Structure formats: structure tokens, C-alpha cells
Amino acid sequence: MGSLSALFAPESVAVVGATDREGSVGRAILTNLRDDFEGRIVPVNPSRESVLGFDCYPDVSSVPDGPPDLAVIVVPPHVAVDAVEEAGEAGVENVVVITAGFSETGSEGAARERELVDVAETYDMALVGPNSLGVMSTPVGMNATFGPENAQDGSLSFMSQSGAFITAVLDWANDQDIGFKDVVSLGNEAVVDETDLIEHWGDDPDTDVIIGYLEGIDDGQEFIRTAREVTDDTPIVLVKSGRTDAGAQAASSHTGSIAGSDEAYEAGLEQAGVQRVETVQELFDYARALSGQPLPDRDDVAVVTNAGGPGVMATDAIGDSSLSLASFSDDTIDALQESLPDEANVYNPVDVIGDADIDRFRAAIDTALSDDGVGAAVVVSAPTAVLGFDELADAVVDLQAKHDKPVVACLMGGESTESAADRLREGGIPNYFDPARGVRSLDALSGYREVRDGSVDEPAQFDVDRERAREILTRAEDRGDNRLGVEAMDLLDAYGIPTPAGDVVDSPEDAVAVAHEVDGPVVMKIVSPDILHKSDIGGVKVGVENEDVYDAFEDLVTRARNYQPDADILGVQVQEMVDLDDGTETIVGMNRDPQFGPLVLFGLGGIFVEVIEDTTVRVAPLGRDEAEAMVDDIDAAPLLRGARGRTPADEDAIVETIQRLSQLVTDFPAILELDINPLVAGPDGVQAVDIRLTVDTEEL
Ligand code: ADP
Ligand code: MG
């Protein structure tokens with residue numbers, strides 16, 4: 001599949017299956033195209049001479065003057081694949097398949113869809129759909145959809161996995177004067193998917209913001225890579241709805257039950273620099289701010305209001321956001337004192353009070369925006385007898401342009417704000433009734449500035465012993481069991497993750513020998529793939545003195561036998577004691593998400609993991625910035641950093657362990673899930689004292 005440029009700017013469009021039958025999809029598309037399209041419109045239908053006044057051709061190859069740039073397919077499903085093949089043979093490079101009745105309808109449809117993909121691949125066609133509402137591109141006036149609404153001109157490019165959502169959004173957006181550059185109904189995404197569009201729009205100078213409604217992302221890894229490049233200069237805002245069946249992957253391990261699929265999306269979208277929103281209103285609030293306003297160079301916001309209460313609402317919203325209320329410089333306060341009456345509040349939020357006329361209001365906004373410590377402003381106004389909303393709107397537009405800092409307006413009122421709202425819109429200033437919405441839009445700008453300022457977080461490549469790791473993993477295969485426990489501890493060693501001294505032994509004599517090599521008392525654990533939670537059955541003995549090691553061995557084996565007589569017992573691990581008084585038990589784990597691949601988890605570990613779910617996930621491979629952010633993310637971060645007189649943990653060592661685990665699970669797709677629990681984080685490094693993993697032996 002080549003460039004998508006001609007899909008959006010075709011010089012000629014064929015409608016295959018065009019008809020003038022009232023109520024038909026073919027007629028709707030032709031009518032929509034006829035409205036505005038600058039290029040040539042060519043109906044194709046073997047049983048008509050002309051349709052809606054256009055000359056009609058029996059097939060695509062008989063269209064004169066070369067193949068059309070785009071073919072829109074509206075024929076019934078059983079002939080749709082043939083129609084696409086004919087278009088391909090005739091040299092058409094872009095097709096939009098409106099026809100439904102493919103994978104969305106069951107196995108027969110799915111087989112038909114595979115044929116469609118084959119044909120598209122054979123002819124190297126960019127194919128949108130099937131089961132699509134169509135595509136629009138306003139610069140060429142193309143509305144190749146069968147929806148009731150056409151888009152207005154604008155700079156947002158919009159994709160949706162739901163066609164119905166597009167018609168609803170356009171209806172609403174037209175009311176709000178929100179314009180679009182391109183609109184795509186993705187349908188079943190047999191060929192062109194969300195990642196292809198993001199890549200295309202990222203290079204499109206006429207697209208300022210990419211927005212979308214997605215229910216699922218097929219290849220999460222590819223999506224993250226592409227979107228992260230694009231978000232370096234084009235913001236992406238998405239509504240992601242619908243959860244995939246988390247049950248499929250809810251395997252037995254801790255990580256399996258904690259890292260649900262929606263968490264994968266949350267993490268993946270964030271790593272991709274995408275701003276995820278919950279509602280349509282937020283989608284367009286963000287999009288409007290991002291397309292009309294500069295990015296703030298700092299997060300300190302000034303609030304200027306003529307009404308106390310709404311000013312407080314704005315201030316509260318700032319408190320709830322990642323922004324902060326700016327503190328003004330002495331000069332700013334002096335200047336405000338000079339221009340405002342005594343009863344006014346010259347500190348942020350600035351209250352110019354209810355009798356303010358436009359000059360007083362304007363002077364206060366101007367002064368606040370002049371302060372170097374102010375990154376953005378919210379102007380809040382209730383209707384008063386002495387102030388016209390129109391003149392306030394003009395002042396806001398002027399002052400925003402003068403200072404080139406983002407400004408949002410909250411003109412609070414109904415009909416009385418309408419013409420002012422138009423003036424603000426023309427000046428690119430977002431306007432809301434509710435101050436909290438205004439503040440959230442500024443927050444979106446600040447969030448995007450962070451994405452843009454951040455560099456792409458390249459994963460580190462540590463020097464590791466990959467061959468040894470592979471050997472250890474194949475032990476599972478040799479044993480005919482895909483679960484590995486502490487007997488695979490040296491896997492961590494091969495990847496440079498510190499583990500306590502010790503060994504797995506199969507006789508009490510050997511246990512004593514190992515204990516003698518290790519300093520001080522030891523920890524002894526039963527080793528069996530059939531015993532997942534060793535301490536639950538009394539299978540972990542902590543602080544065993546040398547003279548007790550022999551008996552402890554026999555006791556552990558007896559306990560395991562009592563618990564499960566046919567348990568496959570591999571032996572007993574004799575392990576050096578790790579200082580828990582000075583360390584915190586954390587968990588580092590991984591499971592695989594069907595869309596995003598390896599999800600790495602970090603959090604509070606040991607017995608806490610089940611009681612307090614204080615964990616965070618990221619998609620691997622991940623770099624140092626993401627690993628650091630994971631440590632930051634958990635609620636217990638202050639504990640690790642020495643809150644309440646605790647000894648601070650070695651954070652660098654945690655961050656490095658997360659990265660090394662990321663490398664391990666990226667190198668070996670055969671590792672399906674893995675937990676290091678606990679990873680004891682002490683003041684001078686970390687120690688992995690327990691491991692459990694599941695291996696797909698076929699993948700090795
Ligand atoms: P399991 O999770 O199967 O019960 P672990 O090996 O994680 O078994 O041990 C359970 C708990 O015992 C750990 O969370 C930790 O508190 C303690 N423990 C295990 N190994 C050590 C060790 N080497 N040093 C100190 N404490 C340990
Ligand atoms: Mg454990």
C-alpha cells in the first residue's frame with residue numbers, strides 16, 4: 001500500500017454500484033458527491049446509461065481517460081470482491097468498500113473479507129472498509145459517504161471505527177461550527193487501519209489535530225511506535241471505548257489478574273503521546289484548544305473574573321488539574337492595584353468586580369498576561385449591565401494575540417453570549433459556560449507540551465547472556481511443564497537482575513552443604529511447579545540456622561506431600577537471607593496483552609500485592625524515562641523514598657531492574673507471564689528473592 005494522498009484528494013471518483021433508486025446507498029453517495037466535489041464523478045453500473053445525469057459505465061475499465069483515483073464500492077456483498085478485483089485490474093489504487101456483510105457477520109463473511117485483503121494486496125491498493133460509511137475530505141469538497149451530513153472546512157482529521165458515531169458527531173459539530181479536514185469511517189479495517197491514518201495525517205500539513213473514536217487497536221506495538229513519532233508535532237486525541245475480553249488472559253499469576261486490558265490501552269496510549277478522553281465533549285474541547293491556541297510555556301494560570309463564585313470554580317478546577325494558580329510578581333500586583341478599585345482582588349484569581357467596564361477588565365487581563373510567571377489565562381465573566389460580551393470577546397481575542405499565550409474564555413450566559421461566542425471562535429479562543437471545562441482545555445495544552453518536550457524514550461540494551469537464558473527456559477520444555485519457579489532463578493542472573501546466593505538441592509545433605517556456604521541463617525523453600533504460593537502451605541522457612549537445615553528439608557517435603565500427594569517436587573531452595581527490615585517488598589512482573597504485547601508491571605509486592613493493588617503497567621520495550629515514571633506512579637512511592645523515617649530504597653536499581661525485565665520479555669516472546677515477587681528494594685540495591693513464570697515452549 002502506497003501513500004494515502006490520492007485517497008483524500010482524488011481527481012476522479014467512481015461509484016461502483018451507482019443507482020438513482022430512492023433510498024439506496026448508491027444514490028446517497030452520488031448525491032453527496034455531487035454537492036461539492038471538485039473532481040470528476042463516474043457512476044459504474046452495467047444496467048444503466050446514466051445515473052442522476054452523469055454518464056454511467058458498465059465497468060471500471062471502460063471509464064475513459066484512465067482509471068479513476070478512487071473507487072467507492074456499494075455493490076452487494078457476494079459481488080463486492082469481484083468489483084474490487086476489477087478496479088484493481090483497471091489500475092485503481094484506492095478503494096472504499098461501503099458494502100457490509102463481511103467479518104462483522106460471521107465465518108462466511110470473514111472468509112470473504114480475507115479474499116478482499118488478498119485482492120487488495122495483489123493490486124497494492126489502499127482499501128478502506130468494508131462496512132464503512134465512507135470518507136470525506138473538505139479541501140476538494142469530497143463527501144463520499146452515505147451519511148446525512150457533510151463536514152465543514154477545518155483542520156481536524158477524524159477517524160472512527162463506528163460509522164454511526166460519525167453521523168452523530170457531524171450533526172453536532174456542524175451546529176458548533178467545528179470543521180474537519182478529512183473524515184474516515186474505518187469500518188472493519190481489513191487493510192487501512194488507525195495506524196495507517198495516523199501516519200498519513202502526521203505528514204499532512206492541513207491536519208492540525210488528529211482525533212478519533214476507537215473501540216480497539218489491532219497492533220498495539222506498531223501503533224505506539226507510529227503515534228509516538230507523529231505526536232512529536234501533531235497532537236492526537238482519542239475516545240477509546242469498549243473493553244476486550246480480559247478473561248482470556250486472566251491467567252493464574254498475580255500480574256494476569258491485575259493488568260487488565262483496559263490498563264494496557266491506558267498505558268499504551270499514554271506511551272504513544274496520545275491524549276485519551278472519555279466523552280465527545282472532551283474530544284472536541286481538547287481538539288479545539290489544540291488547534292486554535294499556542295502551547296503554554298509554563299503551567300501557571302491566571303484567572304481574571306468579574307464574578308467571585310465562578311472565579312472560585314475556575315480556581316478549584318485548576319487545583320484538580322496538573323496546572324497551578326500563578327502567583328503574580330510585585331510589579332503585576334502594583335499595576336493591578338493601580339488600575340482596579342479598592343474592593344477588587346489583585347491577587348490571583350483577579351476579581352475586577354461586578355461593576356467593571358471593558359476598560360477595567362481589559363487592563364486586568366493585559367496586566368496578568370504580561371507577567372512572566374503566567375503561562376495561560378482563563379477569563380470568566382457573568383453578564384452585567386455595564387459590560388458588553390461582544391467587547392469583552394474582542395478584547396480577549398486582541399490580548400491573546402498580543403501576548404501569544406493560551407487563553408480560554410468562560411462567558412457565562414445563554415443567548416446574551418451568542419454573538420460574542422462567534423467572535424471568540426473566529427479568533428480561535430475556546431469558550432465554555434463552565435470554567436472547569438476551560439481549565440481542562442488548558443490542561444490538555446499543557447499535557448501536549450509535555451509530550452512534545454519529551455524525547456522518544458529509546459529502550460536501553462544491557463549486556464546480557466541470552467543463550468544461557470534460552471537454555472534455562474528450555475528446561476520447562478524438557479520437563480513437559482510450562483511453569484517455572486525458583487529453580488529458574490538463574491534466568492534473572494543471566495539478565496543481570498540481582499538474586500541472593502543459594503541453590504536448589506534434592507537431599508538434606510546437599511541442603512546442609514549449601515547452607516554452610518552461605519553467610520548466616522538461610523531461607524528454605526519448597527520447589528514444585530504444582531505449588532504456586534509456597535508460603536500458603538508453609539513451604540517457606542525464614543531464618544533457618546545451619547543445625548536446623550537437615551530437619552527443615554524433610555519437614556518442607558512432608559508438608560508438600562501432605563498438601564498434594566502427587567505433587568511434582570523438584571527439591572528445596574536454600575537461599576541467603578535478605579534484610580527485610582531495611583527493604584521494601586516490591587513486585588516486578590509481566591503478562592502479555594493480545595493487542596499491546598508485553599505489559600510490564602511494577603508495584604508494592606510481597607503479601608501486599610493482593611491486599612492493596614498499588615501497581616502500574618507499561619508496554620515493553622520501555623526506556624529509562626518510562627521505568628522512572630513507573631516508580632513515581634505508585635501510591636507507595638514516598639515509602640520507597642524514605643517517608644516516616646524509613647531508609648530510602650535504591651531507586652536506580654529498581655529502575656534498572658524494570659528495564660532489564662523489559663529487555664528479557666522483549667527478547668523472549670515465549671515468556672507468557674512472569675512475576676518477581678518480591679523484589680526486595682533496599683538502600684544498596686535490589687534482590688529478587690522469588691520468581692514464577694509461564695513459558696510457551698512452542699515459541700522457543
Ligand atoms: P511465595 O510467594 O511462593 O509464598 P516467596 O519466595 O515469595 O514465596 O516467599 C514468601 C515471603 O517470604 C516473601 O514475600 C518474603 O517476605 C519472605 N522471603 C522469601 N525469601 C526470602 C529471603 N531470601 N530473605 C528474606 N525473606 C524472604
Ligand atoms: Mg513470592
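Predicted model: local features only at pLDDT ≥ 70, side-chain atom pairs only at ≥ 80, totals over all residues.

Residues are numbered from 1 along each chain as its sequence is written, chains are lettered from A and ligands numbered from 1 in the order in which they are written, and side-chain values use heavy atoms, with hydrogens and water left out.

Find strand 13 (residues 236-240). Strands are DSSP runs of E, at least two residues long, and helices are runs of H or I, at least four, both numbered from the N terminus. Five of the five residues in strand 13 are buried, so the rest of the structure largely encloses it. Buried means under 20% relative accessible area, exposed over 50%, and partly exposed in between (1.4 Å probe, protein chains only). In a regular strand, side chains alternate between the two faces of the sheet. Here, Ile 236, Leu 238 and Lys 240 are on one side, Val 237 and Val 239 are on the other, and all are buried.

Who are the neighbours? Strand 13 runs parallel to strand 12 (residues 209-214), joined by five bridges, and parallel to strand 14, joined by three. Two strands pair if DSSP finds at least two bridges between them. Val 237 is the bridge partner of Ile 211, and Val 237 also stands opposite Gln 275 in strand 14.

Last stop: the magnesium ion (ligand 2) has Asn 677 (O) and Asp 690 (OD) as its protein donors, 2.2 Å away. Donors are N, O and S atoms within 2.8 Å of the metal (3.2 Å for Na, K and Ca), and water is not among the atoms, so sites may look incomplete. Both Asn 677 and Asp 690 are buried.
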